[in-house]
Amino acid sequence: MRPVKPGERLNGLAEMALKQPVNPLTTVSRFVYKTLVIAELEVRKLRHDPTELILRAVQPALWLLVFGQVFTRVHAIPTPGNIPYIDFLAPGVLAQSMLFIAIFSGISLIWERDLGVIHKFLASPTPRVALAAGKALSGGVRALTQAVIVYVLAVILSVKIDWSPISLIGVLIAILLGAAGFSAFSLIIALLVKTRERFMGIGQLLTMPFFFASSAIYPISIMPGWLKVIAHGNPLTYEVDALRALMLSGGTSSLGLALDFGVLALGTIVLVIIAGRLYPRAVT
Amino acid sequence: MPIPIIETVALTRRFGELTAVDNLNISVEPGEVFGLLGPNGAGKTTTIKMLTTLLQPTSGEASVAGFNITRQASDVRRVIGYVPQLISADGTLTGYENLMVFAKLYDVPRGERKRQVLEGLSFMGLDDAANKLVRTYSGGMIRRLEIVQSIIHRPKVLFLDEPTVGLDPLARKALWEHISQLSAEHGTTILLTTHLMEEADHLCSRVAIMHHGKVAALGAPADLKASIDVDGATLEDVFIHFAGDKLEPESGANYRETRQTRRTAERLG
């Protein structure tokens, strides 16, 4: 850093930002920008060490190659329109791997808290909600890497995939929204429980109910009445429904895509705001 | 008298029964290097956390660079830099990336960013390590990088919480030079905490010795030394005189804090 020349105004950079005019538009654009900066940071970390993403790919592979192939043979589960069970399962496994990667993403916050990284972010002029939104968005990006793997597996298993650009973009948005929502949920847990052990315990406890009380591996129509009720309140059901309609060639939505995306978008926004509000708890 | 750049008025923070910071009144002038000294649990870190807007005061007020820490928290955040006691650089990113993130978060104009980052790296002698992952850095390098992170936007006030904890004597001396240079060349006001008397003696124009959340003594190191009844007194003697010489188990850090401090020391060491 060069010495300050005589007459040069000290600390100009810090003050410059203060003097910028504030109107709703600049507030929104700054918020979006800060969110992207945080998300970029997380993505850079993944680029330096993608081990986690590779390890995470094992689980969907097992579900599709083992569980999926066996259950396709036994014809035990009725599928809408009598499509092969493996076709029915592929979007479910995609939703599942999104859920798993997102729901454990909050652990990074506990690491950062123990290290002290988070203190510096909170002392910077970054809006708290942007800190949470950036983390949630990076959860979405992580889940997209899983989507690529599930698509490759689906092609190998000759699942009839809808390759139209609109459907692919739809899948992309559904994954980003869903993963961002579950990541924000994960952040909230991390901010409340504060220790790694409790966080992992709660994460393990929650993933299975989300997974089994959704239409990921069997249709809602064969569930007992009480489970149907729970399934309709489960955001993963809407995720799976949207993915099944968009990923499969000739796929249809049983709940309606507008409702699916509405639930995912609203849920994500609410959870991100709550996580942002709780963020300052990370340092107390 | 210049207008103080940091001023606290009856600043108080309680955690349940414990009063960590008790009715604190200090004022720091622009350009000063001000030291907060005291044993563990004296309230130094709590004071810094309140001044950096991370913690709400229970009562009392404080202003930093003319902004109220509770009512104008987001303005305060723009004009300060903060290096926490724990590690704040991300080990899984390179030094350059660590700096760039903060240049963006602090709204350093796009055209200025790269120059600020490169100048910061060379100021702290980190040019060669810019593109290496921070987890390969030595303890002294990590601390220097963290300081660059916190001054990338040229703050008016820099808060350093135990900046040399866990560093070996050589790295510590090198860091002192950098801090003195930063103060001399940029005129940045620096508030630091330490429990090393030598450090305070070397760096600070004034110190406040904190004990049980209160200021036990305040003044220039030389004046404080002269004020006690010991010939050839060191700041160490002053500290013992005002902060008491008996071990007080109840004032120590708790298990989690101790674990974190030791871990930080281990990573930096």
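Predicted model: local features only at pLDDT ≥ 70, side-chain atom pairs only at ≥ 80, totals over all residues.
In strand 5 of chain B, B:Glu7 has B:Ser63 as its bridge partner.

Strand 1 of chain B takes part in several pairings, gathered here:

| Strand paired with strand 1 (residues 6–15) of chain B | Sense | Bridges |
|---|---|---|
| Strand 2 (residues 18–24) of chain B | antiparallel | four |
| Strand 3 (residues 27–28) of chain B | antiparallel | two |
| Strand 5 (residues 59–64) of chain B | antiparallel | five |

Now to the helices. Helix 5 (residues 139–151) of chain B packs with helix 6 (residues 169–186) of chain B at an angle of about 15°, and their axes are 9 Å apart. Angles under 35 degrees count as roughly parallel, so helix 5 of chain B and helix 6 of chain B are roughly parallel to each other. Their crossing is right-handed. Helix 5 of chain B contributes B:Gly139, B:Gly140, B:Arg143, B:Arg144, B:Ile147 and B:Ile151 to the contact, while helix 6 of chain B brings B:Ala171, B:Ala174, B:Leu175, B:His178 and B:Leu182. By type, the residues of this contact are six nonpolar, three polar and two charged.

How values were computed: Residues numbered from 1 in each chain as written. Chains lettered and ligands numbered in written order. Axes fitted to C-alpha atoms, helices over the stretch in contact; angles between N-to-C directions. Parallel < 35°, antiparallel > 145°, perpendicular 65-115°, else oblique. Left-handed = near helix turned anticlockwise from the far one by under 90°. Contact = placed C-beta atoms within 7 Å. Nonpolar A, V, L, I, M, F, W, Y, C, P; charged D, E, K, R; others polar. Pairing = 2+ DSSP bridges.
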